[in-house]
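Biologist: I have not seen this structure before. Please take me through the terms one at a time and show what each rests on.

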Amino acid sequence: MSDDRNDLPPAAQRALAEAEERRKKAEAEAKKIPKELGGRDGPDPARYGDWEKKGIAIDF
């Protein structure tokens, strides 16, 4: 991959370096967030729109 980056213009190389820094910073921030205790398993109901409890699904 580093060979491909040498063929890019300097602005593109800077953009890739900045994106890599943002990615590393986001990963570090994600590790700081405490784990939820007693939360639901599976997909986030607020994101997917289905709320399920004891086998009953509710859409609202």
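Modeller: This is a predicted model. From the N terminus on, its elements run α-α-α-β-β, which comes to 3 helices and 2 strands.

Biologist: How do you know how far the prediction trusts itself, and where is confidence lowest and highest?

Modeller: The chain has an average pLDDT of 77, and 58% of the residues score at least 70. Strand β1 (residues 51-53) has the lowest confidence, with a mean of 63. Helix α2 (residues 10-32) has the highest, at 92.

Biologist: What makes Glu20 and Arg23 a salt bridge?

Modeller: Their closest N and O atoms are 2.6 Å apart. The cut-off is within 4 Å, so the pair counts as a salt bridge. Both residues lie in helix α2, 3 residues apart, about one turn of the helix.

Biologist: Why is Glu20 called partly exposed?

Modeller: The relative accessible area of Glu20 is 28%. Buried means under 20% and exposed means over 50%, so Glu20 falls in between. Arg23, at 45%, is also partly exposed by that rule.

Biologist: Why is the pairing of Lys32 with Glu29 called a salt bridge?

Modeller: The closest N and O atoms of Lys32 and Glu29 are 3.6 Å apart. That is within 4 Å, so this pair also qualifies. Lys32 and Glu29 are 3 residues apart in helix α2, separated by about one helical turn.

Biologist: Which class does Lys32 fall in, buried or exposed?

Modeller: Lys32 has 61% relative accessibility. The limit for exposed is over 50%, therefore Lys32 is exposed.

Biologist: How many salt bridges does a search of the whole structure find?

Modeller: The search finds 2. In general, side chains of opposite charge can pair when their charged atoms come close.

Biologist: What share of the chain counts as buried, and how much area does the chain expose?

Modeller: Of the 60 residues, 3% count as buried.

How values were computed:
Residues numbered from 1 in each chain as written. Predicted model: local features only at pLDDT ≥ 70, side-chain atom pairs only at ≥ 80, totals over all residues. Heavy atoms only, no water. pLDDT = per-residue confidence, 0-100. Helix = DSSP H or I, 4+ residues; strand = E, 2+ residues; numbered from the N terminus. Buried < 20%, exposed > 50% of the residue type's maximum accessible area, 1.4 Å probe, protein only. Salt bridge = Lys/Arg side-chain N within 4 Å of Asp/Glu carboxyl O.
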